[in-house]
Amino acid sequence: EDGTARLWNLQSGECLRRFPRVHGRAVFSPDGAQVLTASADHTAKFWRTDSGECLCSLVGHEDEVNSVAFLRHPRRANFLS
């Protein structure tokens with residue numbers, strides 16, 4: 001409701017990290033080191049899970065980004081927004 005995605009510790013119930021301006025889906029990279037989020041500001045954002053640092057904003061979408069996904073490839077990282 002407040003436009004953030006949260007990373008939770010399931011054992012303690014503690015909120016470990018917040019990722020702002022999330023509109024739709026948030027997904028973890030296959031190794032769990034990054035999170036890709038969909039955003040209402042026409043971007044997808046790529047974050048570090050350990051620090052919450054935004055690594056990059058993927059611009060160029062003509063409307064809100066509602067969904068994101070990582071695509072498995074043996075030699076390189078790909079994602080879809």
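**Exercise 1. Which residues make up the largest nonpolar core of this predicted model, and which elements give two or more of them?**

Step 1. List the members. The largest nonpolar core has eight residues: Val-27, Leu-36, Ala-38, Ala-44, Phe-46, Val-65, Val-68 and Phe-70.

Step 2. Assign them to elements. Strand 4 and strand 5 are the elements that give two or more residues to this core.

Step 3. Look for another core. A second, separate one holds six residues, including Ala-5, Leu-7, Val-35 and Trp-47.

**Exercise 2. Find the order of the strands in the open sheet, and say which strands stand at its edges.**

Step 1. Set the order. Four strands line up as 3-4-5-6, with antiparallel pairing.

Step 2. Find the edges. Strand 3 (26-28) and strand 6 (54-58) each have a single partner strand, so one side of each lacks a neighbour in the sheet.

Step 3. On average, neighbouring strands are turned by 20 degrees against each other, direction ignored.

Step 4. Inspect one pair. Strand 3 and strand 4 (residues 34-38) run antiparallel and are joined by three bridges. Val-27 has Leu-36 of strand 4 as its bridge partner. Both Val-27 and Leu-36 belong to the largest nonpolar core.

**Exercise 3. Is Lys-45 buried or exposed, and what does its side chain contact?**

Step 1. Lys-45 lies in strand 5 (residues 44-48).

Step 2. Apply the cut-off. Buried means under 20% relative accessible area. Lys-45 has 2%, so it is buried.

Step 3. Check for a polar partner. The Lys-45 side chain makes a polar contact with the side chain of Asp-41, at 3.1 Å.

Step 4. Go beyond four places in sequence. Contacts of Lys-45 there include Arg-21, Val-35, Leu-36 and Cys-54.

How values were computed: Residues are numbered from 1 along each chain as its sequence is written. This is a predicted model: local features need pLDDT of at least 70, side-chain atom pairs count only at pLDDT 80 or more; totals for chains, interfaces and linings use all residues. Side-chain values use heavy atoms; hydrogens and water are left out. Buried means under 20% relative accessible area, exposed over 50%, partly exposed in between (1.4 Å probe, protein chains only). A polar contact is a pair of N or O atoms within 3.5 Å; within protein, one must be able to donate a hydrogen and the other to accept it, and residues adjacent in sequence count only if both atoms are side-chain atoms. Contact means heavy atoms within 4.5 Å. Two strands pair if DSSP finds at least two bridges between them. Axes are lines fitted to C-alpha atoms, for helices over the stretch in contact, and angles run from 0 to 180 degrees between N-to-C directions. A nonpolar core is a set of buried Ala, Val, Leu, Ile, Met, Phe, Trp, Tyr and Cys residues joined through side-chain atoms within 4.5 Å.
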